[in-house]
Amino acid sequence: MDSKANDLPPLLVNLKEAGRLLGGIGQTKVYDLLNKRELPFVKIGRSVGIELVAIHAFIDRQRIGSSPRVKR
């Protein structure tokens, strides 16, 4: 495999990692956000992945009292 490909961040994270990135929330809360369609996800077979960009967008939507971060 090309070493440049190994330097790229993952496009998707699993539910446990998503919870960690969202401040340590549990998998039950992550599932709740998915079921409410507040956090979009990708399903590949039986696996569920969440795009990093979707996590950043969710955080921006939840922000109170300030403008969103710099656009990506």
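1. Against which elements do the buried residues of H3 pack? They pack against helix H2 (15-21), strand E3 (47-51) and helix H4 (52-62), where contact means heavy atoms within 4.5 Å. Helices (H or I, at least four residues) and strands (E, at least two) are DSSP runs, numbered from the N terminus.

2. On the basis of the note: this is a predicted model, in which local features need pLDDT of at least 70 and side-chain atom pairs count only at pLDDT 80 or more, while totals for chains, interfaces and linings use all residues. Residues are numbered from 1 along each chain as its sequence is written, and side-chain values use heavy atoms, with hydrogens and water left out.

3. In H3 (residues 27-35), the buried residues are Val30, Leu33 and Leu34. Viewed down the axis of H3, these buried residues fall within an arc of 100°, so they line one face of the helix; the arc is that of the directions from the helix axis to the C-beta atoms. Thr28 and Asn35 are exposed on the other side of H3. Here, buried means under 20% relative accessible area, exposed over 50%, and partly exposed in between (1.4 Å probe, protein chains only).

4. A search of the whole structure finds four salt bridges, each defined as a side-chain nitrogen of Lys or Arg within 4 Å of a carboxyl oxygen of Asp or Glu. Aspartate 32 meets lysine 29 in one of them, at 3.5 Å, N to O; both residues lie in H3, three residues apart, about one turn of the helix. Aspartate 32 also forms a salt bridge with lysine 36, with the closest N and O atoms 3.4 Å apart. Aspartate 32 is partly exposed, with a relative accessible area of 27%. Lysine 29 counts as partly exposed at 40% relative accessibility, and lysine 36 is partly exposed at 49%.

5. The side chains of glutamate 17 and arginine 20 meet in a salt bridge of 2.6 Å, N to O. Both residues belong to helix H2 and are three residues apart, about one turn of the helix. Glutamate 17 is partly exposed, with a relative accessible area of 27%, whereas arginine 20 is exposed, with 52%.

6. The sheet. Three strands form an open sheet in the order E1-E3-E2, with antiparallel pairing. The edge strands are E1 and strand E2 (42-44), each of which pairs on one side only. Two strands are taken to pair if DSSP finds at least two bridges between them. E1 and E3 pair in the antiparallel sense over two bridges, and valine 13 stands opposite isoleucine 50 in E3. E2 and E3 pair in the antiparallel sense over three bridges; isoleucine 44 has serine 47 in E3 as its bridge partner.

7. Backbone points. E2 and E3 form a hairpin with two residues between them, and glycine 45 in the turn has a positive phi of about 65°. Arginine 37 has a positive phi of about 60° although it is not a glycine. Arginine 37 is found in the loop between H3 and E2, just after H3. At 61% relative accessibility, arginine 37 counts as exposed.

8. A nonpolar surface patch. Leu11, Leu12 and Ile44 form a nonpolar patch on the surface, with about 320 Å² of accessible area together. Patches are made of residues with over 30% relative accessible area and no salt bridge; like charges are joined within 9 Å, and nonpolar side chains (Val, Leu, Ile, Met, Phe, Trp, Tyr) within 5 Å. Accessible areas come from the Shrake-Rupley method with a 1.4 Å probe, and for residues only the protein chains shown count as cover. Leucine 11 is placed in the loop between helix H1 (3-6) and strand E1 (12-13). Leucine 11 counts as exposed, at 72% relative accessibility.
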